[in-house]
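Subject: Structure for you to look at

Hello,

Please find the structure below. My notes on it follow.

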Amino acid sequence: KGMAMRKLRSFNFAAFRGHLGSRGMSSRPPTAVVMMNMGGPSTQEEVHPFLHRLFTDRQIMQLPMQNILGAWIAKRRSPKIMKQYAEIGGGSPIWKWTEIQGKKLEKRLDELCPESAPHKSYIAFRYASPLTEDAIAQMKKDGVKRAIAFSQFPQWSCTTTGSSLNELWRCLRESGMQDEFQWSIIDRWHSHPSYIEALAGRIVAGLNQFPVEDQKKVVFLFSAHSLPMKRVNAGDPYPQEVASTVGRVMEHLTEKGLNNPHILCWQSKVGPLPWLGPKTQDAIKDFKKQGMTHFMAIPVAFTTDHIETLYEIDLEFGEEAEKMGAVFKRSPSFNDDDMFVKALADIAKSHLERNELCTKQYSMNCPG
């Protein structure tokens, strides 16, 4: 992170545009908005490479002989995961939805921030195509000078945003492009008012799937990707930031007269070691024993549909809930939701107007 902090520096758009004279916006080099996420395999053939990159990343999990054991786990899990992707259409839709969000974001930012226009979105996935090195190579071809690394994880974790940014700095260094772009970072936005409003809108849309007479008894299951307790105990801020999102959105909903019972729970545990709990499916089971019958899962840390929503929540949790005799639904993901795109634009606009490099929190190295 030391090299990264040295490479982050402010950018004077007014002076830069002044050098361009009277040329129109279309002839200006674009301001890059690099949308960073874990990604997902778009086809069956991409499943094994995706898992191999995932399980050999020590920032996700630390294994003995990581390159050997991680590769073995990836090979062992690939057939099972391929079957899961087959059940949701053959691959992850995260690339499709991120691309749609990016194109909509470009248009909004060009309107909101003409000083830094034109804006162009680039996708930089950590474990699947298009990879980070693909994004920066295209940026260089496009003549980009100013770039914003925009994490698509609302809540910071060293295993997600931290790993993605470290991969960005590594790719820049190894490609000799350390000085090619002037960077700033949007590293977290878990409590931004526009994001909270967009999330509340998805919850209301999800609640409307239930008959009006049942809506007040629906238990909100805010479900986020879990994290190894080793990372939590080392001080990763992710659990607190997810909890902050939940608290803010429930305050927002309460003001609108929606004060449903709710809980923050966790999904997608991998391996035998302890992970953050309670598990989402265990929460359904335990509350059903208490006499609660209606549940809605709310993907609180995801910005698009992918295997965790379409397979794990919709199919696995849905089937378990049905066996228990519970009524179970999920609030829709953001995908191409205009309120969410507005939130992304508001976050980026605020970042550009403040001419900030990153949040103060980013200057702290990941603990542990």
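**Surface patch**

Lys269, Lys279, Lys285 and Lys289 form a positive surface patch. A patch is built from residues with over 30% relative accessible area and no salt bridge, with like charges joined within 9 Å and nonpolar side chains (Val, Leu, Ile, Met, Phe, Trp, Tyr) joined within 5 Å. Lys and Arg count as positive, Asp and Glu as negative, and His and the chain ends are not counted. The place of a charge is taken as NZ of Lys, CZ of Arg, CG of Asp or CD of Glu. Accessible areas come from the Shrake-Rupley method with a 1.4 Å probe, and for residues only the protein chains shown count as cover.

This is a predicted model, in which local features need pLDDT of at least 70 and side-chain atom pairs count only at pLDDT 80 or more, while totals for chains, interfaces and linings use all residues. Residues are numbered from 1 along each chain as its sequence is written, and side-chain values use heavy atoms, with hydrogens and water left out.

Lys269 sits in the loop between strand 6 (262-267) and helix 11 (280-289). Helices (H or I, at least four residues) and strands (E, at least two) are DSSP runs, numbered from the N terminus. With a relative accessible area of 35%, Lys269 is partly exposed; the cut-offs are under 20% for buried, over 50% for exposed, and partly exposed in between (1.4 Å probe, protein chains only).

Ser268 is found in the loop between strand 6 and helix 11. Ser268 counts as buried, at 11% relative accessibility.

**Backbone points to check**

Most residues other than glycine have a negative phi, and most peptide bonds are trans. The exceptions here are listed below.

- Ser268 is not glycine but has a positive phi, near 70 degrees.
- Asn355 also has a positive phi without being glycine, with a value near 50 degrees. Asn355 comes in the segment after helix 13 (338-354) and is partly exposed, with a relative accessible area of 32%.
- Ala117 and Pro118 are joined by a cis peptide bond, with omega about -5 degrees. Pro118 is in the loop between helix 5 (94-112) and strand 2 (119-125).
- Ser129 and Pro130 are joined by a cis peptide bond, with omega about -5 degrees. Pro130 is in the loop between strand 2 and helix 6.

Thr132 belongs to helix 6 (residues 132-141) and is buried, at 3% relative accessibility. Apart from neighbours within four places in sequence, Thr132 is in contact (heavy atoms within 4.5 Å) with Ala124, Phe125, Glu167, Leu168 and Cys171.

Gln59 lies in the loop between helix 3 (47-55) and helix 4 (66-87) and counts as partly exposed, at 25% relative accessibility. Setting aside neighbours within four places in sequence, the contacts of Gln59 are Cys158, Thr159, Gly162, Ser163 and Asn166. Gln59 and Gln101 are 42 residues apart along the chain, and their C-alpha atoms are separated by 27 Å.

**Salt bridges**

There are 17 salt bridges in the structure. The criterion is a side-chain nitrogen of Lys or Arg within 4 Å of a carboxyl oxygen of Asp or Glu.

Lys103 and Glu106 form a salt bridge through their side chains, at 3.7 Å from N to O. The two are three residues apart in helix 5, so about one helical turn separates them. Lys103 is partly exposed at 42% relative accessibility, whereas Glu106 is buried, with a relative accessible area of 14%.

Asp214 is bridged to Lys217, with the closest N and O atoms 3.2 Å apart. Asp214 is buried at a relative accessible area of 15%, and Lys217 is partly exposed at 44%.

Asp305 and Arg330 meet in a salt bridge between their side chains (3.2 Å, N to O). Because Asp305 lies in the loop between strand 7 (294-299) and helix 12 (307-324) and Arg330 in strand 8 (residues 327-330), this pair ties together parts that are 25 residues apart in sequence. Both Asp305 and Arg330 are buried.

The network of salt bridges links Asp57, Arg126, Glu167, Arg170 and Glu174. Among its members, Glu167 is also one of the contacts of Thr132.

Regards
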